[in-house]
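Here are my notes on the model, as numbered points. Please read them with the structure open.

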Amino acid sequence: MAELMVRDGTWSFDGEGIRIVPGSERGVHKLRQDLGELAVPLVALAGIAHEPGRKGGRLRLRLRDGADPLLQVTGGGLPDDANPYQLAVDAARVDVAEYFVDAVRQALLLEQVPDGPCDRYLLPGPPVPLTASGIDGVATFDGERVRLEWRWNTSETKRQWGPQDYDLTGLEAVEWRPPVGLESGFLRFRPRGAKERLKPEHDPNSIELWGFKKESGTTALLAAAVTARLPHPSAPAAQALPAAAPAVSAVAAAPPAGGPPPAALAAAPADDHDALLRRLRELGELHRDGILTDEEFAATKAAVLRRFDTGG
C-alpha cells in the first residue's frame, strides 16, 4: 500500500488501482471537488511520473487513450489545477511521491498492462443527475435524457427553436471546448444525422461558455457523463451499449468445494467494465481471506485483465 497525502488531495495505491480523493481546502479546483472520489483501475493506466519543481513538483497520471470519458470529451482542455489526474506535491513529500511512482510502475510492469488505446471506457464517468450553466443556457442530464433551456440573453435563433430535449439513443456525440482568450467555449450535443454546424451562439444544440472556474467545469462533467453512456468512438461497429450488471457479493463469488475452476470466476455478468472492476475487488477479498491460493488469484486476475482489453 502506497499513499500520498498533500493539501491538494490524497492518492493511495493498493496494487489493483489508484484511489484519488480531492482535497477539501480552499484553492482546490471546484471541478475536482464536484467530481469527487475516483477509483482508477491499474488496467486504465499508461504511466505515471513525478515532475520536480521548485516547491516540490507535480505528480501526473497518464491514462490510456479512450479509458476515461472526461479526458475523452475535454481533449486536453482541462487546466492543470482542474485535472483530477495531477497532484501538486509539497517539497516535504517529494520522497513519498517518488516511492509512489515506483510502486505503480512496478505493478504496471509485473501485470504487463498494455499502454495502447482502449475501445471501451474503463472509468464510469461523473455521477448523475447534473445541471450545468453557460452564458445563454442551462443543460441538465438525468442519466437518460439531456435538456437545454435558454436564458433571457440567448440569441433570437435559439429562442425560436425553444428548449431542446435529447434521448441518448438520438445522440451521436458530445463536444466540449473551453473558453480561450476572448473566444467563448461551448458545450454542443450532436444529434444523429445532423449535418449543419452553426456558431455556438446560434446553434440550438449548443450553449456558450465563458470563464472556466465559474461555469465550464460543471459543463465538462456533464459532457463526460453523457459521453460515458454513448458508444465508445473506438468500439467495434457491431458492439452494443453495455448493460449494467448486478453486483456480485464475495460470498456468491467464492468457489464451493468441487466448484468451478478459478478461470470461471473471472467471468463477469455482461462483461461490462463496471462488473469487471467489481470482480477485481472481489477476487482481492477472496485472496485476502484465504479462499483463493496465490496461484488461483494470479490466474483469475490475469483472466479479468484480459477481458478489459478484449471486451470479453
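1. Helix H4 pair. Arg 159 and Glu 156 form a salt bridge, with their closest N and O atoms 3.9 Å apart. The term covers a side-chain nitrogen of Lys or Arg within 4 Å of a carboxyl oxygen of Asp or Glu. Both residues sit in helix H4 (residues 156-161), three residues apart, about one turn of the helix. Arg 159 is partly exposed at 40% relative accessibility. Glu 156 is partly exposed too, at 48%. Buried means under 20% relative accessible area, exposed over 50%, and partly exposed in between (1.4 Å probe, protein chains only).

2. Basis of the model. This is a predicted model: local features need pLDDT of at least 70 and side-chain atom pairs count only at pLDDT 80 or more, while totals for chains, interfaces and linings use all residues. Residues are numbered from 1 along each chain as its sequence is written, and side-chain values use heavy atoms, with hydrogens and water left out.

3. Overall make-up. The chain has nine helices and 14 strands. These are DSSP runs, numbered from the N terminus: helices are H or I with at least four residues, strands are E with at least two. Of the 312 residues, 47% count as buried. The chain exposes about 15700 Å², and carbon and sulfur atoms supply 52% of that area. Accessible areas come from the Shrake-Rupley method with a 1.4 Å probe; for residues, only the protein chains shown count as cover.

4. Contacts along the chain. Take the contacts with a separation of 6 or more: residues 24 or more positions apart account for 62% of them. A contact means heavy atoms within 4.5 Å.

5. Other salt bridges. The whole structure holds 15 salt bridges. One of them joins Arg 19 to Glu 37, with the closest N and O atoms 2.7 Å apart. Arg 19 lies in strand S3 (residues 17-22) and Glu 37 in the loop between helix H1 (30-35) and strand S4 (38-41), so the pair ties together parts that are 18 residues apart in sequence. Arg 19 is partly exposed, at 40% relative accessible area. Glu 37 is partly exposed at 48%. There is also a network: salt bridges link Glu 172, Glu 175, Arg 188, Arg 190 and Asp 203.

6. The four-stranded sheet. An open sheet has the order S8-S9-S10-S11, with antiparallel pairing. Two strands pair if DSSP finds at least two bridges between them. Strands S8 (130-133) and S11 (164-167) stand at the edges with a single partner strand each, so one side of each is left without a neighbour in the sheet. From one strand to the next, the twist averages 15°. For such angles, axes are lines fitted to C-alpha atoms (for helices, over the stretch in contact), and values run from 0 to 180 degrees between N-to-C directions.

7. Strand S9 (residues 137-141) and strand S10 (residues 145-150) pair antiparallel over five bridges. Thr 140 has Arg 147 in S10 as its bridge partner. Arg 147 also forms a salt bridge with Glu 149, at 2.9 Å between the closest N and O atoms. Arg 147 is partly exposed at 28%, and Glu 149 is partly exposed at 38%.

8. Arg 145. Which residues does Arg 145 contact, leaving aside its neighbours within four places in sequence? They are Thr 140, Asp 165, Tyr 166 and Asp 167. Arg 145 is found in strand S10. Its relative accessible area is 39%, so Arg 145 counts as partly exposed.

9. Strand S5 (residues 45-51) is mostly covered, with five of its seven residues buried. Six bridges join S5 to strand S6 (residues 58-63), and the two run antiparallel. Leu 45 stands opposite Leu 63 in S6. Six residues separate the strands of this hairpin, and Gly 56 in the turn has a positive phi of about 130°.

10. Aromatic pairs. The count comes to three. Trp 11 and Phe 100 form a tilted pair, 6.3 Å centre to centre with 50° between the planes. Trp 11 lies in strand S2 (residues 9-13) and Phe 100 in helix H3 (residues 94-111), so the pair ties together parts that are 89 residues apart in sequence. Rings of Phe, Tyr and Trp (its six-membered ring) pair if their centres lie within 6.5 Å; planes under 30 degrees apart count as stacked, over 60 as edge-to-face and the rest as tilted. Trp 11 is buried at 0% relative accessibility, and Phe 100 is buried at 0%. Trp 11, Phe 13 and Phe 100 form one aromatic cluster.
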